[in-house]
Amino acid sequence: MRILALTLDLDDTLWPVLPALERADHAVDAWLQLHHPDVARAWPVTAMRELRMKVAIERPDLAHDFSTQRQLTLQHAFASCGIATAPVDALWEIYFAARNSVELYPDSLPALMRLTARWPLASLTNGNADLERVGIHRHFQHHISARNTGTAKPDPRIFLAAAECLGVAPENILHIGDDTELDVVGARDAGMRTAWINRHGATWPADLGNAPDLDVPDMTALVEWLERQPPTT
């Protein structure tokens with residue numbers, strides 16, 4: 001394959017996202033307990049998560065926008081306690097800071113440095129990670145998010161939006177990600193080449209059709225494979 005550019009998933013590809021999401025939910029809960037104990041009692045972490053899922057179901061038009069889903073969840077929680085104006089901005093900053101306090105996998109940063117020495121790179125995510133807060137924004141030429149494009153993986157349109165930003169035909173882009181459907185199937189349907197970061201050694205699901213072009217255990221193995229390919233110029 002002739003690879004001229006790369007797109008890269010973030011959550012669970014470069015870092016495990018669940019620990020950050022757990023910290024973020026509990027940071028919001030701690031603030032509520034201190035400043036709005038009635039809301040904290042009515043909406044502990046588990047109940048707040050259930051409310052967010054309810055919001056997601058009721059607002060399918062926001063399926064691509066996790067940030068707005070969470071902000072609406074806070075508004076609903078406060079309104080149910082008789083508080084018309086929720087301190088959404090303050091709570092969002094608490095949540096967002098903790099959500100972006102991630103711990104990169106050990107292979108991620110060295111791999112990013114090697115990748116960007118040779119290929120243009122765009123992040124491509126359904127989530128709301130902030131590359132500047134994480135501290136890796138300098139490695140990316142573009143940041144493509146579901147919230148900004150109005151469509152989420154595995155919809156091919158978000159991949160094609162990334163290809164347009166990079167100025168490279170989809171067939172010359174390798175998309176890298178951990179999710180079999182959102183990343184591999186989505187990128188494949190958009191005409192891209194695909195690399196599955198398969199950290200747990202899973203078997204490719206036969207019902208998803210053709211296996212990815214690459215099945216690698218981590219970012220180091222991906223970079224080593226790419227560096228063995230002949231130069232593109």
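**Charges, burial and contacts in a predicted model**

Me: Is Arg 157 buried or exposed in this predicted model?
Reply: The relative accessible area of Arg 157 is 55%.

Me: Which side chain meets Arg 157 in a salt bridge?
Reply: Side chains of opposite charge can pair when their charged atoms come close. For Arg 157 the N to O distance in the salt bridge is 2.7 Å. The partner side chain is that of Asp 155.

Me: Where do Arg 193 and Asp 213 lie, and how many residues apart are they?
Reply: Arg 193 and Asp 213 form a salt bridge, with 2.9 Å between the closest N and O atoms. The pair links distant parts of the chain, with Arg 193 in strand β5 (residues 193-197) and Asp 213 in the loop between β5 and β6 (214-216).

Me: What is the relative accessible area of Arg 193, and what is that of Asp 213?
Reply: Arg 193 is partly exposed, at 31%. Asp 213 also falls between the cut-offs of 20% and 50%, and therefore counts as partly exposed, with a relative accessible area of 33%.

Me: What is the N to O distance in the salt bridge of Asp 61 and Arg 59?
Reply: Asp 61 is partly exposed, at a relative accessible area of 44%. Arg 59 is likewise partly exposed, at 33%. Their side chains meet in a salt bridge with an N to O distance of 2.8 Å.

Me: How many positive and how many negative side chains does the protein have, and how far apart are the centres of the two sets?
Reply: By the distance rule for charged pairs, the protein has 16 salt bridges. There are 20 positive and 31 negative side chains. The centres of these two sets are separated by 2 Å.

Me: What is the radius of gyration of the protein?
Reply: The secondary structure consists of eleven helices and six strands. For 233 residues the globule rule gives 17 Å, and the value for the protein is close to this, so the protein is as compact as a globular protein of that length. The radius of gyration is 19 Å.

Me: What percentage of the 233 residues count as buried?
Reply: The accessible surface comes to about 11200 Å², of which carbon and sulfur atoms hold 53%. Among contacts with a separation of 6 or more, 62% are between residues 24 or more positions apart. The buried share of the 233 residues is 48%.

Me: Which residues are in contact with Met 48, leaving aside its neighbours within four places in sequence?
Reply: Met 48 lies in helix α3 (residues 45-58). At 14% relative accessibility, under the 20% cut-off, Met 48 counts as buried. Beyond its neighbours within four places in sequence, the contacts of Met 48 are Leu 32, Trp 43, Thr 73, Leu 74 and Ala 77.

Me: What is the relative accessibility of Ala 20?
Reply: Ala 20 is part of helix α1. Leaving aside neighbours within four places in sequence, Ala 20 is in contact with Ala 98, Arg 99, Ser 101 and Val 102. Ala 20 counts as buried, at a relative accessibility of 1%.

Me: Where does Pro 154 lie?
Reply: The peptide bond that leads from Lys 153 to Pro 154 is cis, with omega near 15 degrees. Pro 154 itself is in the loop between α8 (146-149) and α9 (156-166).

Me: What is the phi value of Asp 12?
Reply: Asp 12 is placed in the loop between β1 (5-8) and α1 (18-35). Asp 12 is partly exposed, with a relative accessible area of 30%. Its phi is positive in a residue other than glycine, at a value near 65 degrees.

Technical notes. Residues numbered from 1 in each chain as written. Predicted model: local features only at pLDDT ≥ 70, side-chain atom pairs only at ≥ 80, totals over all residues. Heavy atoms only, no water. Helix = DSSP H or I, 4+ residues; strand = E, 2+ residues; numbered from the N terminus. Rg over C-alpha atoms; globule rule 2.2 N^0.38 Å. Buried < 20%, exposed > 50% of the residue type's maximum accessible area, 1.4 Å probe, protein only. Contact = heavy atoms within 4.5 Å. Areas by Shrake-Rupley, 256 points an atom, 1.4 Å probe, with all protein chains shown as cover. Lys, Arg positive; Asp, Glu negative; His and termini not counted. Charge placed at Lys NZ, Arg CZ, Asp CG, Glu CD. Salt bridge = Lys/Arg side-chain N within 4 Å of Asp/Glu carboxyl O.
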